[in-house]
Amino acid sequence: MCGIVGYTGREQAAGILLDGLRKLEYRGYDSAGIAVRNGAEQAQVVKTLGKLDSLISLTDGGKTLMGKCGIGHTRWATHGVPSVANAHPHVSGNCRNTGNGPVESAVVGVHNGIIENYMELKEKLLTHGYMFYSETDTEVLVKLVDYYYRKYKIGPIDAINRTMVRARGSYALTLMFTDYPGEIYAARKDSPLIIGRTEDASFLASDVPAILNYTRDVYYIQNHQSARITPDSVTFFDLNGDKVVLPETHIEWDALSAEKDGYEHFMLKEIHEQPKVVSNTLKALDFQSIGLTDTVLKGIRQICITGCGSAWHVGMAAQYVIEDLASVPVRVELASEFRYRSIPFSEGTLVIVISQSGETADSLAALRKAKECGLMVLAVVNVMGSSIAREADFVLHTVAGPEISVATTKAFSAQLICMDLFAIQLGYVKGLISQEKYDFYIKEASLLPDKIQMILDDKQKLQWLSTKLAAQKSMFFIGRSLDYSICLEGSLKMKEISYIHSEAYAAGELKHGTISLIEEGTVVLGVMTEKSVLEKTYSNMVECKARGAYLVSIVSGNTGKLKEIDFNICIPDCDAVFTPSLAIVPLQLLSYYTSINRGLDVDKPRNLAKSVTVE
Ligand code: G6P
């Protein structure tokens, strides 16, 4: 969840580190810090509480820190409150303050992940005279490396390997050793870490956008591997300390796609990119080439879709579409639950893991569990080269490009269209969709980008509505079947960035409790794009109005008069399979403008992180 950067080369490091951290701030933003080494001098550590801007102003944009080798971190607190002492980098020295400044230390490091047995390791280190200034597991990890390094008088890689054997949990660890100027060391287990190279410099990052300005040639360090990084080379090692050769990967994303490109926020930019993203994802879909041949598809008897957050909502939508078009039973499980359940799966089960980042800890664990059970796994991921992409049997790539805003929008839309096309392909291969119907669906899908654009072009009225929503204490989203899945996502978008309490309910469930929460003026937003159940949901809306609710509806095409509705949002007509791709767009815009009207930080909502790589 935190962001890591590292640089060693011919330039002053601090500015490059701060630039990288700026690109990673979406991964965590409650404190930040950098450590820079000037030649053989001790590392200079600077840490601040709050967003990166305080670190930038404290170091005058990095100018005050001399040196060409350094590491940096932006934190999303797990162990210990956000504070300067708990902020990274952490040092191995027995300092009594917060670890800021030059501290006599053999090792200084930053870490992303969670060390599960850190208390046990801490106790061991206490008995060896180590003192701790923070509450973090990271300080323990850095001191454990220091302990092995000094006790056995071994090199950095051996000390790191011994530490990896003892530490349980997940980590992307980046270290500098005082005895090794100009060098950075790294290790990884289950938390993402990439190493980029140019002719005369090396870069480290927990995520691609941090180094896109400098290089697109990267290595993905694997689990239980370590690396020695110098300005001229990078060498990888396995747990035995033997050298390993990793393939270099070229990242296709360009640097501009990780910039705001004139938009006020990444979220707004990403919402507006959806026509292009849906179109690119459609063009890239090729089931045969990823191994989902007709024979494989015909063998699928049952599907389990898993993921977290919005990715799980895509699963909820896909469930309706797959069962409807391909007549294959589908269950949808939260990855955090799936990993701890014993689900009796029959032969021919396909597990689909949906994830933008491809690094979400629970989704990765669910994938591994499915594989342990001998099940086939299809990953729907946005970040190629990510752990989930690497470990799955089949990978469908959502071509959304880098998504920076914490609240997902364009990746969600890309996942939706991927799953729709998967359902259509499955139905077609199973002989349940005729050639004519298949062609019709493909044509309908190809019209979506223009229809999404039409919704984007008509956003003024949503801006107006959001001024009303901004004053709400609580909101309800209701809908049936596919519309219900969009309510789940619309409601999540609203609460995560506007901090307004919001709930999504299957419309038929209202009477079983929720309706008691409706008061005078409570906004009830009904997603009613499905003609077959529109009247039912409309009746539920009217019941709310009778209790004082203000009704907002989203309908598809011409539905005739719904006279009790206070504010109607009409989206272009399309086949029912694809309505979620359109219905979600006004809901994203509504959340965005509501958050703006409440004066909040849209791209970096409080307490949240883009990529949840801890459990
Ligand atoms: C976080 C993000 C959500 C995302 C979820 C799953 O909570 O804020 O937007 O849906 O993680 O992430 P993934 O990368 O696996 O799609």
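Entry 1, ligand shell. I looked up which residues surround the ligand in this predicted model. I found 13 residues around the ligand, and Ser310, Ser355, Gln356, Ser357 and Thr360 come nearest. I sorted the shell by residue class: five are nonpolar, seven polar and one charged.

I checked the oxygen atoms of the ligand. A polar side-chain atom of Thr360 is 2.5 Å from a ligand oxygen. For Ser357, I read 2.6 Å between a polar side-chain atom and an oxygen of the ligand. Val406 takes part through its backbone: a polar atom there lies 3.4 Å from a ligand oxygen. I noted the cover next. On its own the ligand has 390 Å² of accessible area, and the protein covers 90% of this. I also looked up where the ligand sits, and the place is the largest pocket.

Entry 3, cavities. How many cavities of 30 Å³ or more does the structure hold? I count three. I picked the second largest cavity, with about 70 Å³ of space. Its lining has 13 residues, and Cys2, Thr78, His88, Gly113 and Thr138 are the closest to its centre. Strand 7 (107-115) and helix 4 (137-151) are the elements that each give two or more residues to this lining. Strand 7 has the largest share, three residues. By class, I logged the lining of the second largest cavity as three nonpolar, eight polar and two charged.

Definitions and conventions. Residues numbered from 1 in each chain as written. Predicted model: local features only at pLDDT ≥ 70, side-chain atom pairs only at ≥ 80, totals over all residues. Heavy atoms only, no water. Near = heavy atom within 4 Å. Polar contact = N/O pair within 3.5 Å; in protein donor to acceptor, adjacent residues only side chain to side chain. Areas by Shrake-Rupley, 256 points an atom, 1.4 Å probe, with all protein chains shown as cover. 1 Å grid on protein atoms, 1.4 Å probe; cavity = no way out; pocket = protein on both sides within 12 Å on 5 of 7 lines; lining within 4 Å. Sits in = over half its atoms within 2 Å of the grid points. Nonpolar A, V, L, I, M, F, W, Y, C, P; charged D, E, K, R; others polar. Points joined across faces, edges and corners; volume = space filled by probe spheres on them. Helix = DSSP H or I, 4+ residues; strand = E, 2+ residues; numbered from the N terminus.
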